[in-house]
Amino acid sequence: MGDDRRVTAQGEPPPSDVFRARDGVLHAEGVDLRAIAREVGSPTWVYSAARVDAAYRAIERAMRAITDRDVLIAYAVKANGNLAVLRRLAALGCGADIVSGGELLRARAAGIPPERIVFSGVGKRREELALALTEGIRAIHVESEPELRVLGEEATRLGVEAPVVLRVNPNVDAGTHPYIATGLHDTKFGLEVDAARALVPGIVRHPHLALHGLSCHIGSQLDSPAPLEEAVTLLGRFAGECRALGAPLASLDVGGGWPLAYGHEDAPYPPAEAFAAAIRRGLEASGTTDLDLVTEPGRALVGDAAVLLARVIYVKHQGGRRFVIVDAGISELIRPALYGAFHAIAPVEPHAGERTPADVVGPICESGDFFAHERLLPPLAEGDLIALFGAGAYGREMSSTYNARPLAAEVMVEGDAWRVVRRRQTVEELWALEQGGRTP
Ligand code: LLP
């Protein structure tokens with residue numbers, strides 16, 4: 001994330017086992033990125049299957065090491081819901097953290113079983129709650145008193161028992177960018193502990209509600225495990241209270257926030273083991289270690305599993321700056337514009353020549369349509385391919401068709417093979433839902 005404490009103007013792509021130069025040319029696993037661009041054009045996201053697998057295994061290993069109880073890695077689908085990505089994770093045993101009925105159906109379409117799906121979000125509509133109940137998902141994370149009421153009504157109407165997890169807002173400062181901090185009381189997320197406590201007796205009494213657990217998500221890009229330990233301690237203590245009130249509470253969901261290195265950090269993030277150890281310490285401090293554990297990593301599973309390929313359209317010099325204008329823009333990757341986020345950039349082919357400052361910008365009619373300001377890059381010319389790193393999370397998901405730009409293609413690489421996992425949208429498809437639209 002581009003929070004000011006960590007941002008430096010420059011940054012190399014973080015070392016990667018899968019996105020590496022071979023004979024000077026950037027490859028994804030065994031595939032030359034130029035070949036992909038030749039066949040499917042640009043902009044295009046290129047995913048590495050091996051990287052998704054490795055990222056999942058690292059978090060799973062760290063979590064399993066701290067408990068003998070059941071562990072569920074519920075991938076935050078909002079980071080990247082491409083079906084090929086979801087299927088890859090599903091095959092490893094991964095579940096899903098969803099925030100809408102759409103994500104629920106997407107996760108199901110990818111073969112993620114309902115008992116591995118948890119549902120977060122402050123604004124779940126009645127019909128979305130009903131869908132979750134009919135699908136029989138593992139947990140519905142309740143974030144307000146009115147939501148609990150509607151959930152109770154729907155469970156009663158459907159004659160089922162709703163698996164309630166109270167999402168607690170622990171009022172812990174995750175020390176992260178304000179747009180991705182979610183664990184403070186002045187955000188819209190979760191329930192303050194007192195408010196959550198007040199709901200417990202009603203849930204225990206309700207014939208169609210059952211309190212299965214507690215959850216929290218204090219924010220993304222945690223740069224220290226300490227806030228997580230604090231949050232888990234608080235939740236663990238509250239879990240004990242809930243049990244004393246008669247709730248058969250069995251699980252604790254610690255949320256996402258596992259950090260991803262984008263390449264500009266002053267110091268490396270602590271490893272997954274350090275975050276897992278903090279969770280363990282929190283459980284021990286609260287005296288509640290007999291809980292199944294859930295965690296909801298998003299970007300840590302997919303963020304560095306993709307590059308966004310773009311081609312230089314023009315280079316122009318103006319106002320003392322070198323503008324490298326590429327064919328991707330905020331329509332594909334809005335993170336720099338929205339959060340000042342850093343994404344490393346490198347040419348796909350080897351470039352001799354001095355690195356000088358460049359503004360890498362898109363074709364969209366907004367001054368905010370940029371990927372980098374004054375980034376040191378080698379000489380670049382029309383037709384050159386560049387790669388934007390760390391583009392796997394919150395890239396395609398936050399895409400738009402602004403300026404009538406069709407959604408970009410996506411490709412999955414596996415060893416020396418690759419396949420298109422989302423074809424490029426056609427321009428005609430942009431108006432296919434509009435009355436009177438006709439193909440010129
Ligand atoms: N669980 C919940 C309830 C969440 O709200 C989120 C992210 C996650 C898990 C996953 O967080 P992660 O592990 O990916 O940090 N668009 C922003 C990020 C917004 C995150 C929203 N919630 C970005 O591009 O940085």
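## Ligand shell

By class, the shell around the ligand comprises seven nonpolar, six polar and six charged residues; here Ala, Val, Leu, Ile, Met, Phe, Trp, Tyr, Cys and Pro count as nonpolar, Asp, Glu, Lys and Arg as charged, and the others, Gly among them, as polar. The ligand is surrounded by 19 residues, of which the closest are Ser 220, Glu 296, Arg 335, Tyr 339 and Tyr 394; a residue is near a molecule if one of its heavy atoms lies within 4 Å of it.

The model is predicted: local features need pLDDT of at least 70, side-chain atom pairs count only at pLDDT 80 or more, and totals for chains, interfaces and linings use all residues. Residues are numbered from 1 along each chain as its sequence is written, and side-chain values use heavy atoms, with hydrogens and water left out.

## Polar atoms at the ligand

A nitrogen atom of the ligand lies 2.6 Å from an N or O atom in the side chain of Tyr 339, and a ligand nitrogen is 3.2 Å from an N or O atom in the side chain of Asp 97. A polar side-chain atom of Tyr 394 is 2.7 Å from an oxygen atom of the ligand. Taken alone, the ligand exposes 590 Å², and the protein buries 91% of that (Shrake-Rupley method, 1.4 Å probe).

## Domain arrangement

The protein is divided into domain 1 (19-48 + 303-431) and domain 2 (50-300), with bounds from an automatic or database domain assignment. Both domains give residues to the shell around the ligand, so the ligand lies between them. Their C-alpha centres are 33 Å apart.

## Domain interface

Domain 1 and domain 2 bury about 2,000 Å² between them, 54% of it on carbon and sulfur atoms; buried area is the accessible area (1.4 Å probe) lost when two parts are put together, summed over both. Asp 304, Phe 342 and Tyr 394 supply 29% of the area that domain 1 buries against domain 2, more than any other three residues.

Two salt bridges are counted between the domains (a side-chain nitrogen of Lys or Arg within 4 Å of a carboxyl oxygen of Asp or Glu).

Methods: Polar contact = N/O pair within 3.5 Å; in protein donor to acceptor, adjacent residues only side chain to side chain.
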